[in-house]
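Let's take a walk through this protein chain together, one region at a time.

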Amino acid sequence: MFSSQLYNQQTTWDEIKSVLMTMEYGKWESAYFYDHFVPPWHNDLNVTESDSFPTFEGLTLMAGAAAVTCRLKLGVLVCGNTYRNPALMAKMVATMDEMSFGRAQYCIGAGWNVREHAAYSWEFPPIRERSDRLEEACELVRMLFTADGIVNYEGKYYSLKDAPFAPRGYKGRQIPIMVGGNGEKRTLKTCAKYADICNLVGVSPEQVAHKKKVLERHCEAVGRDPSEIKMTAHVPMRIIRDEEHAKRARRGADWLMIGSPDYVKDRANDYIEAGVEEFMLQSIQQKPWIYAELNEEIFSDFD
């Protein structure tokens with residue numbers, strides 16, 4: 001039920017491995033990285049000091065995690081569809097699924113960070129086109145993960161011609177597709193059509209409940225059982241034992257899972273009642289003892 005997105009910037013592989021080992025031997029379900037080439041702390045064309053912070057590439061970290069862990073599910077939360085051809089990324093994830101004996105996840109979103117697109121000369125289409133590209137990419141990848149034999153696909157943005165794709169997943173398993181984003185008209189519709197996992201970002205329990213209903217309506221429209229799609233939330237969790245400090249950290253958003261252990265557990269239950277099946281936690285200090293503290297003081301109440 002509890003997973004975390006480790007951060008890629010201003011860290012070392014040894015620090016990442018130490019956290020992964022703490023997660024591996026705890027109650028953590030999955031480990032994720034982010035798909036950014038500069039720290040994702042602003043969304044404009046301004047060049048900031050933080051842009052120069054050393055930052056690892058996320059899919060490479062995912063492959064490294066596959067090699068040093070045995071139990072954790074793995075992914076990048078979430079990959080920007082505009083950064084790579086989706087068939088290439090599907091091949092990379094399928095390879096990692098073999099390396100990890102069936103623990104890889106294909107996690108994708110429309111892409112949003114204009115700064116890094118400009119920095120690396122990647123095309124940054126308007127949001128409507130990025131949403132169209134995301135939907136087409138998910139259709140193509142679903143076909144690659146499920147088709148038997150050579151694959152052909154002809155879309156507006158992507159095409160495959162007599163494309164072989166093997167292995168498709170460890171021992172023939174279907175690699176889960178996660179779609180990340182909150183957009184009700186397009187992203188949740190794409191989830192309804194192609195996703196196994198829906199990942200909502202920075203949402204309150206009330207927003208989760210609302211967007212779950214929107215997803216259910218999209219599922220009804222496309223003839224899909226909504227119970228086939230796992231609802232997840234990418235939100236922070238932090239134990240702060242001093243209540244005044246915790247209030248300042250929550251900044252008026254008292255639904256955040258930030259506070260004493262009891263406060264955190266109560267807010268987690270609010271999310272679960274709203275429909276969250278897995279927490280992809282964010283903004284946790286990359287220190288093994290903090291991961292161990294959450295494991296010991298929070299997770300045991302949710303076995």
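## A salt bridge to start with

Arg250 and Asp254 form a salt bridge, with their closest N and O atoms 3.1 Å apart. Keep in mind that this is a predicted model.

Some pairs reach across the sequence. Take Lys193 and Glu135, whose side chains meet in a salt bridge at 2.5 Å, N to O. Lys193 belongs to helix 6 and Glu135 to helix 5, so this pair ties together parts that are 58 residues apart in sequence.

Now look at Arg241 and Glu293, another salt bridge, where the closest N and O atoms are 2.8 Å apart. This pair links distant parts of the chain as well: Arg241 is in the loop between strand 11 (237-239) and helix 8 (243-250), and Glu293 is in helix 10 (residues 288-297), 52 residues apart. Arg241 is exposed, with a relative accessible area of 52%, but Glu293 is buried, with 17%. Elsewhere, Glu29, Lys73, Lys230 and Glu278 are linked in a network of salt bridges.

Nine strands make up an open sheet, in the order 3-2-1-13-10-9-8-5-4, and their pairing is parallel. Which strands are at the edges? They are strand 3 (73-76) and strand 4 (79-80), each of which pairs on one side only.

Further in, strand 1 (residues 2-5) pairs with strand 13 (residues 278-281) in the parallel sense, over three bridges. Here you can find Phe2 standing opposite Phe279 of strand 13. Helix 6 (residues 187-194) packs on the sheet too, touching strand 8 (177-180) and strand 9 (197-201), and its direction makes about 170° with that of strand 8. Helix 2 (residues 58-68) lies across strand 2 (30-33), strand 3 and strand 4, and runs at about 170° to strand 3.

## A closer look at strand 8

In a regular strand the side chains alternate between the two faces of the sheet. What covers strand 8, then? Both of its faces are covered, and the residues on them are all buried: Ile177 and Val179 on one side, Met178 and Gly180 on the other.

Strand 8 has parallel neighbours. Strand 5 (residues 106-109) pairs with strand 8 over three bridges, and Cys107 has Met178 as its bridge partner. Three bridges also join strand 8 to strand 9, where Gly180 is partnered by Asn199. To get from strand 8 to strand 9, the chain passes through helix 6, and this β-α-β crossover is right-handed.

## The nonpolar cores

The largest nonpolar core has 77 residues, and the members that touch the most others are Leu6, Trp28, Tyr106, Met237, Met257 and Phe279. Helix 5 (residues 127-146) gives the most to this core, with seven residues. There is also a second, separate core of seven residues, including Tyr32, Leu77, Met178 and Ile197.

Leaving aside residues up to four places away in sequence, the contacts of Met237 include Phe2, Met257, Val264 and Leu281. Val114, in helix 4 (residues 114-119), is buried too, at 19%. The C-alpha atoms of Val114 and Asn43 are separated by 6.0 Å, though the two are 71 residues apart along the chain.

Two cis peptide bonds can be picked out. One goes from Leu77 to Val78, with omega near -25°, and Val78 is in the loop between strand 3 and strand 4. Another goes from Ala166 to Pro167, with omega near 0°; Pro167 is in the loop between strand 7 (159-163) and strand 8.

Finally, check the phi angles. Gln10 has a positive phi of about 50° although it is not a glycine, and it lies in the loop between strand 1 and helix 1 (13-24). Asp162, in strand 7, also has a positive phi, near 50°. Gln10 is partly exposed, at 46%, and Asp162 counts as partly exposed at 48%.

Definitions and conventions: Residues are numbered from 1 along each chain as its sequence is written. This is a predicted model: local features need pLDDT of at least 70, side-chain atom pairs count only at pLDDT 80 or more; totals for chains, interfaces and linings use all residues. Side-chain values use heavy atoms; hydrogens and water are left out. Two strands pair if DSSP finds at least two bridges between them. Helices (H or I, at least four residues) and strands (E, at least two) are DSSP runs, numbered from the N terminus. Contact means heavy atoms within 4.5 Å. Axes are lines fitted to C-alpha atoms, for helices over the stretch in contact, and angles run from 0 to 180 degrees between N-to-C directions. Buried means under 20% relative accessible area, exposed over 50%, partly exposed in between (1.4 Å probe, protein chains only). A crossover is right-handed if, with the strands pointing away from the viewer, the path from the first strand over the helix to the second runs clockwise. A nonpolar core is a set of buried Ala, Val, Leu, Ile, Met, Phe, Trp, Tyr and Cys residues joined through side-chain atoms within 4.5 Å. A salt bridge is a side-chain nitrogen of Lys or Arg within 4 Å of a carboxyl oxygen of Asp or Glu.
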